[in-house]
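Hello,

Here is the structure I promised to pass on. Please have a look at it, and then read on for what turned up.

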Amino acid sequence: MLARLLDGWSSLVEAYYSKQFGSAERIQFYESLTALLENGVGVNDALNEIRTIYNDDGRQRYHPIALACADIGEKVGNGKKLAESCNAWVPYQEMAIIAAGERSGNLTQAFSDCIRLIEARQKIQSLILSSALYPAITWTLMAYLLHIIATRVVPAMARSTPPEHMTGTSYLLYLIATYVNHYGLITLIALVVLLIGALVSLPYLTGPLRVRLERLPPWSIYKALHGSTFLLNIAVMLRANINQVEALDALMINATPWLRERLLAVSYGVEIGKNFGVALKLAGHEFPDKTAIHFLCVLATRKSFADAISRFANRWLDTSLKNVELYTNSFLLFSIGAIGSLMILVLVGTYSMQDAISTPLH
């Protein structure tokens, strides 16, 4: 009984640590395999060596990379292909690239392509986090400042000067405070609900309405970031000798409803004989972007489309990240300007109120 409990506990611990096989761990895994394969070490031996390295001779039994290598190595040793053995450990897109690398006999290039995909996702995640964090802090401070104005600053001013005697900035502060006291909570709830609704709709909202909304943030930002990773995914798979339909099918696995709608439309166009750029144009979603579609229509007519789209995807990713960063920086500057203006308004209003108190009434 005790042995069963210990085995069950060990399985739970192993399952927990296996979930820690994230982006950074996968990059280490691919780089380690590449280093050994480039020096003539076989796949199975490489997996065993990497497991030993990260296992630290048993001292780090539950290291995620060691666990992954142990499981993958066991399956490869039993005759399974490497890509199939990685099924439980890597996303399907990376597995498809590894499978293509096995077919072409160039696993090191496949691992390099997987690393490029992971690093692109990391760039996007980092940009999203930084672009959302600072404006959120700024607008939280703005809401708190409005609360202070409505509950402390203006009431203190009103005790010394009646509202009907207020003028200029002091009267403007009084109007702001009145609005905050009467409608502030309702406005805050409405804005939060609107923001949450917009964020929730990003991966789910489809149809013609979504195409129109994608001219506005946050939908435009979502399209720009996911459109650039879509191109990079396609480019990597085409370079790995995966045909366009198979590449699109691979991306559809675990795709959000929004992305699936676009992939299905493009896949249909490719299946009926249209080139990749024309298929994107006929889909009618303006995805990944109008300008990108025009370029792809031209590039798709060239013989070396896989190499051409790879170069274009890398440039487009950089361009998209710069554009999104420019927009978020502009919004951050606007937020800082708004809270700065409100603080100046409080200072000017307070000084004007002091002048009104010190000036005798006639």
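A definition to begin with: a residue is buried under 20% relative accessible area, exposed over 50%, and partly exposed in between, using a 1.4 Å probe and protein chains only. His294 is partly exposed, because its relative accessible area is 49%. This histidine has its place in helix α14 (residues 290-299); helices (H or I, at least four residues) are DSSP runs, numbered from the N terminus. His294 and Met142 are 152 residues apart in sequence and 43 Å apart in space, C-alpha to C-alpha.

Two notes on the source. This is a predicted model, in which local features need pLDDT of at least 70 and side-chain atom pairs count only at pLDDT 80 or more, while totals for chains, interfaces and linings use all residues. Residues are numbered from 1 along each chain as its sequence is written, and side-chain values use heavy atoms, with hydrogens and water left out.

Now to the pockets. A pocket is found on a 1 Å grid over the protein atoms alone, as an open set of points where a 1.4 Å probe fits, with protein on both sides within 12 Å along at least five of seven lines; its lining residues have an atom within 4 Å of a point. Grid points are joined across faces, edges and corners, and the volume is the space filled by probe spheres set on the points.

The largest pocket has a volume of about 1500 Å³. It is lined by 39 residues, and Pro135, Trp139, Leu191, Leu195 and Phe331 are the closest to its centre. Helices α7 (107-160), α8 (168-201), α10 (219-239) and α15 (305-358) each supply at least two residues of this lining, and the largest share, 14 residues, comes from α8. What classes of residue make up the lining of the largest pocket? There are 30 nonpolar, nine polar and no charged residues, where Ala, Val, Leu, Ile, Met, Phe, Trp, Tyr, Cys and Pro count as nonpolar, Asp, Glu, Lys and Arg as charged, and the others, Gly among them, as polar.

The second largest pocket has a volume of about 610 Å³. Of its 24 lining residues, Gln93, Arg121, His226, Asn233 and Leu259 lie nearest the centre. Two or more residues of that lining come from each of α6 (92-104), α7, α10 and α12 (257-271). Here α10 gives the most, with six residues. The lining divides into 15 nonpolar, eight polar and one charged.

Helix α10 deserves a look of its own. It is mostly covered, with 17 of its 21 residues buried. Just after α10, Asn241 takes a positive phi of about 65 degrees.

Next, the core. A nonpolar core is a set of buried Ala, Val, Leu, Ile, Met, Phe, Trp, Tyr and Cys residues joined through side-chain atoms within 4.5 Å. The largest one has 83 residues, and those with the most contacts inside it are Tyr30, Ile72, Leu82, Ile98, Phe230, Ile234 and Phe276. Again α10 gives the most to this core, with 12 residues. Another core, of 15 residues, lies apart from it and includes Ile149, Ala150, Met157 and Leu173.

Finally, Leu37 lies in helix α2 (residues 23-37). Is Leu37 buried or exposed? It is buried, because its relative accessible area is 18%. Leu37 and Leu107 are 70 residues apart in sequence and 8.4 Å apart in space, C-alpha to C-alpha.

Best wishes
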